[in-house]
Every structure is written in C-alpha cells, then in structure tokens.
Amino acid sequence: MSRSKTLRRHIFRECDFSFDFAGIKREWTINRVVEAIDLGRPFDEICRYLLLDSKELARLAKHYALQALGEQLRQLTVKQVELMNQYYDHTVCGYTLGELLEQTMYLDPQAWVQAFENSILYLQDRGLGNKTDGSSSSLSQDQQEQVVERLFGQIPLSFDQDERADQEWCAQGSKSAAVFRFFSRFLKHDQFLRPHPNDVLSGNRRARMLEQYDDFRTIAKDSAARQSITEDLRRYESELHIAYVHYTSAKIDACGLLNAPETKRKGEAIVKLTALMTLVKSPQIRLILFDNLVPGPDTLPFNFDIENMIPDIAYPDMETEMDDLYELREGRASLYLSLIFTIEVALKAYVKDKLREAVSYFGHSTIDPTQAVDPEDEAELLQLKERLALIVLLQSGETAGDAASLLTSLPYATNASPYPAAADRTFAAVYRVIYDTNKAYAKEGLFRDAWKQWARSGCHRRIHSASLWVEKFGDFEDAFKQFARIKSEDLGNYDIEKLIREI
C-alpha cells in the first residue's frame with residue numbers, strides 16, 4: 001500500500017469516522033447516505049466544547065462533502081462523453097445517458113450561448129464586457145461567434161464534424177459552476193473586482209464590489225430556473241468572500257472589538273481568527289464558526305472577558321487553575337483548525353471513498369444489465385454508469401428552488417442586519433487578513449511544515465477523544481499564529497508566573 005493511502009486511512013481512523021453500509025443496502029437514496037455517515041466522537045466532543053450544535057454542524061458538513069463530490073463527478077472526460085453519445089439510449093436510475101449528458105454539460109457553444117444570452121445582454125446593458133452600440137433583445141450570429149471566441153478561443157458554435165473542437169469543448173462546457181465561470185470570464189480583467197488590500201478603499205471599490213456581487217446574483221437568479229446554482233454561489237463567495245467580509249466586519253464593528261486602545265490587539269486577534277474560518281469553503285459553515293467566535297455585542301469573545309474569570313481560590317490551586325485557563329485560550333485556534341480539517345479535508349475524502357465503494361456493491365440496482373454493449377467498451381461503460389448513478393443520487397438532494405432562496409438570506413445576502421455596515425477601517429482590516437490568509441494557503445506555504453510533521457507521525461494509534469485529536473493540530477496552530485503574528489497575550493492569557501508572584 002502506498003504511503004499516501006496509509007496516511008489517508010490513518011486520518012480516517014483518527015477522525016473516528018464510520019459508514020453504515022446496511023442502511024444504503026436497504027434504500028439507495030440521498031437521505032440514507034446522509035444517515036449512514038457518522039463524523040465520530042472527536043467531532044462531537046469539540047463541538048460541545050465550543051458550545052456548537054454538533055447535529056446541525058454535522059448535517060451541514062455531510063451535505064457540503066456530498067455536494068463537493070457531486071461537482072467533482074460532473075467533470076467528464078472526452079472518452080466518457082463519447083461513450084455517453086455512443087450509448088445514449090442506455091439507462092441509469094431511469095434516465096438515458098443522453099439525458100444525463102444534457103443535464104451535465106452544454107453540448108456545444110451554441111447551447112451555451114442560448115443559455116446565457118439574456119445574461120450577456122443584461123451585462124452589456126450595464127456597460128460590462130465588450131462595448132456595444134445600444135441595447136438589443138437578442139444576439140446576432142456574428143455577436144454569438146464573437147462572444148464564444150472571446151471567452152473560449154477558436155471554437156465553432158456547433159461541432160458537426162470538427163472532432164478537435166469537441167474535445168476542447170469538453171473541458172469548457174460543464175454546467176457545474178457554469179454561471180460563476182461565465183460571469184468571471186465575461187467581465188474584463190479590470191472589471192472583475194478582486195482588489196489588493198491596499199486598493200480596497202480607493203476608487204470607490206468597496207461599493208463597486210457590492211454592485212458586482214448584485215450583478216452576479218441577478219445572473220444566478222435568472223439561471224436558477226433551469227439548473228442548480230448552489231455551486232455557483234459557493235464558488236463566488238469562497239473565492240471573493242464579499243458577503244462574509246460585509247457581515248463579519250459589521251458584527252466586529254457593532255461589538256466594538258477594535259475601538260479601545262487597551263484591547264486593540266485582542267480585537268485584532270479575533271479578526272485574524274475570522275480569516276481562519278475562510279479556509280472552510282462552505283459559506284454556511286464558516287458563518288456558524290464565526291458566530292461562535294463572536295457571539296454578539298452582549299457577549300464578549302473568549303479572549304476579552306478574562307478579568308471576570310480569575311478564580312477566587314487558595315494560592316496552592318492557583319497555578320493549576322490558571323494553567324487550565326491558559327490552555328483553553330491558547331488552544332482556541334487548534335479547536336477551530338481541527339473542525340476545519342475534519343470538514344474540508346478528511347470528510348470529503350472519506351465520503352468519496354465510501355460512496356465509490358457503496359456504488360460498486362449496490363449500484364447494480366440502478367443499471368440495466370440487459371442492454372447490449374461492445375465488449376471493448378464494457379469495463380469503461382460500467383465504471384461510467386456507476387459514476388452517473390452517484391451523480392443522479394447526489395443531484396436528488398438539490399433543487400433549483402432551494403438554491404434560488406439562498407440569494408435572499410445569509411450567507412449569500414449582503415444585508416448584515418441587525419448590524420449596520422462597518423466603517424471603512426474595519427471593513428479594510430477584515431478584508432486584508434482574509435486576503436493574505438487565503439493567498440498564503442493557496443500557495444501551500446501556510447501549513448507546509450505542519451503537514452510534513454503530520455506525515456512523519458506514527459500511523460498506529462487510533463484516537464477516540466477530542467483532546468488527542470486537537471493535539472495533532474499544534475503545529476498547524478503555531479504556523480497560523482506565526483503567520484498572523486498572534487501572541488499569547490492577544491488571546492487573553494496572563495503571564496502565570498508573574499501573576500503568582502504578584503499574588
């Protein structure tokens with residue numbers, strides 16, 4: 001077994017994950033899949049330690065992992081598209097392969113233009129993309145070809161006999177996050193706002209970022225009638241963070257965390273931990289973690305209210321009591337990191353492994369074995385059908401109506417109610433730390449040494465407690481604190497020896 005597989009299984013054991021195959025055998029449905037996944041004792045204990053609703057967070061984490069797997073499975077290769085065209089009348093889960101192909105991708109640029117024609121006209125009327133001479137109700141043939149060439153290169157509108165163009169289009173025509181890809185490509189580079197932190201307050205960029213987000217949501221709402229937009233919304237927010245920055249900065253401002261000079265460093269530490277939450281690419285989950293970190297104006301964050309927590313006890317017990325308090329505050333980042341790692345890395349990989357295993361056992365009920373197949377294609381076609389069976393299963397948990405309703409509520413709405421919009425200074429501070437943290441994480445430099453240390457650790461233990469699981473993230477916590485320049489006193493910790501001497 002390769003070292004990567006050994007490490008993968010070791011991580012699953014330490015998370016204490018489990019999967020109930022018996023439930024899937026009884027009924028091949030998305031609800032059974034969700035019920036079959038157990039996130040383990042460490043996850044539950046950490047949630048309770050942080051006073052999080054473990055059942056609700058587990059539910060969101062499972063759906064997020066399943067959605068991520070569904071999006072990954074929808075990325076088809078040229079060979080898979082060819083097989084679906086060749087055996088278009090074969091069925092999986094009651095759908096023909098031809099129908100599933102149309103659900104998964106736009107068959108050619110002409111179909112793509114038809115889907116996005118209204119959006120193109122809307123953006124052009126807004127003065128975005130290419131300049132046009134006035135508004136119109138439709139795109140001419142020349143305009144359609146110009147749009148396709150500008151966004152995708154030298155690809156014809158329809159393929160007929162151009163096989164090479166068909167192969168090129170396979171990577172471009174996926175419906176997965178198609179709205180986000182269209183919007184980010186159609187807007188010219190200088191129009192698609194992702195400003196450097198130094199520039200976020202200049203040139204009216206803060207307001208323009210919100211206007212751009214409103215344009216995107218208008219496009220997404222138009223597309224929701226014909227396809228799910230869940231992944232489009234998630235991609236926009238997980239990459240640009242605009243709704244998250246707007247909400248978190250407003251709440252931080254309302255709580256006055258950066259106002260008082262004597263607690264400014266503590267407030268800045270909260271802002272930095274706010275950025276840490278964005279390493280989870282689920283907007284719903286990151287918002288839950290942030291609301292746990294910053295409960296609201298009436299409840300100070302964990303590192304502020306220390307004066308009221310100094311125990312009134314005898315001197316011999318002081319050192320032990322303060323050590324416990326120190327660990328509680330000092331290890332807060334490890335608690336959040338353990339949840340982030342479990343949800344963003346371990347659970348995604350675990351769900352992928354177990355569902356692939358499950359479909360090989362039970363997926364035969366979704367496939368008609370009597371349909372004729374060329375012997376040379378038999379093995380590849382069976383693998384493709386199992387993949388499509390998983391796609392259909394995972395799609396059954398999504399509805400266009402549910403996705404469209406997300407546009408008017410958190411985490412995708414920019415209404416920070418009940419808090420007023422943050423001052424520019426707070427907005428810029430939150431934006432900068434989120435920008436810098438994600439840039440460092442994307443370059444794989446933030447936790448590089450911590451991952452190496454993890455890989456070198458033994459793979460023989462099985463962890464069943466939150467405390468041992470959280471200990472594994474000490475190197476990750478230290479790396480983040482060093483990157484963000486968070487000191488012990490920023491987390492509300494006293495110098496214990498100095499305090500005892502004073503007493």
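1. Let's start with Pro301, which lies in the loop between H16 and helix H17 (315–330). Helices here (H or I, at least four residues) and strands (E, at least two) are DSSP runs, numbered from the N terminus. Pro301 counts as buried, at 2% relative accessibility; buried means under 20% relative accessible area, exposed over 50%, and partly exposed in between (1.4 Å probe, protein chains only). Leaving aside neighbours within four places in sequence, Pro301 is in contact with Leu257, Ile270 and Leu293, where contact means heavy atoms within 4.5 Å. Pro301 and Ile270 are 31 residues apart in sequence, yet C-alpha to C-alpha they are 7.9 Å apart in space.

2. A word on what you are looking at. This is a predicted model, in which local features need pLDDT of at least 70 and side-chain atom pairs count only at pLDDT 80 or more, while totals for chains, interfaces and linings use all residues. Residues are numbered from 1 along each chain as its sequence is written, and side-chain values use heavy atoms, with hydrogens and water left out.

3. Now the chain as a whole. There are 25 helices and 4 strands in the chain. Of its 503 residues, 51% count as buried. Among contacts between residues at least 6 apart in sequence, 79% join residues at least 24 apart.

4. Gly256 is another loop residue to look up, placed between H14 and helix H15 (264–276). Is Gly256 buried, exposed or partly exposed? With a relative accessible area of 21%, Gly256 is partly exposed. Gly256 and Gly267 are 11 residues apart in sequence and 8.5 Å apart in space, C-alpha to C-alpha.

5. Next, please find the aromatic rings. Rings of Phe, Tyr and Trp (its six-membered ring) pair if their centres lie within 6.5 Å; planes under 30 degrees apart count as stacked, over 60 as edge-to-face and the rest as tilted. By this rule the count comes to 29 aromatic pairs. One of them joins Phe180 and Tyr236, edge-to-face, with 6.1 Å centre to centre and 90° between the planes. This pair links distant parts of the chain, since Phe180 is in helix H11 (residues 178–186) and Tyr236 in helix H13 (residues 230–240), 56 residues apart. Phe180 is buried, with a relative accessible area of 3%, and Tyr236 counts as buried at 0% relative accessibility.

6. Tyr236 also pairs with Phe216: the ring centres are 4.4 Å apart and the planes are at 20°, so the pair is stacked. Phe216 lies in helix H12 (residues 205–223) and Tyr236 in helix H13, so the pair ties together parts that are 20 residues apart in sequence. Both Phe216 and Tyr236 are buried.

7. His241 is worth a look while you are here, in the loop between H13 and helix H14 (242–254). At 6% relative accessibility, His241 counts as buried. Which residues does His241 touch, not counting those up to four places away in sequence? They are Tyr236, Thr278, Lys281, Arg286, Ile434 and Asn438.

8. Ring pairs link Tyr106, Trp112, Phe116, Phe152, Trp169, Phe182 and Phe186 into a cluster. The charged end of Arg150 sits over the ring of Phe186, 4.8 Å from its centre. Lys175 lies over the face of Tyr106, at 5.1 Å from the ring centre. A charge sits over a ring if NZ of Lys or CZ of Arg is within 6 Å of the ring centre and within 35 degrees of the ring normal.

9. Finally, some helix packing. Axes are lines fitted to C-alpha atoms, for helices over the stretch in contact, and angles run from 0 to 180 degrees between N-to-C directions. The axes of helix H5 (residues 54–73) and helix H16 (residues 283–293) come within 9 Å and cross at roughly 155°. That makes H5 roughly antiparallel to H16; angles under 35 degrees count as roughly parallel, over 145 as roughly antiparallel, 65 to 115 as roughly perpendicular and the rest as oblique. Leu57, Leu60, Ala61 and Tyr64 in H5 meet Gln284, Ile285 and Ile288 in H16.

10. The contact is made by Phe43, Asp44 and Cys47 of H4 and Ser54, Leu57 and Ala58 of H5.
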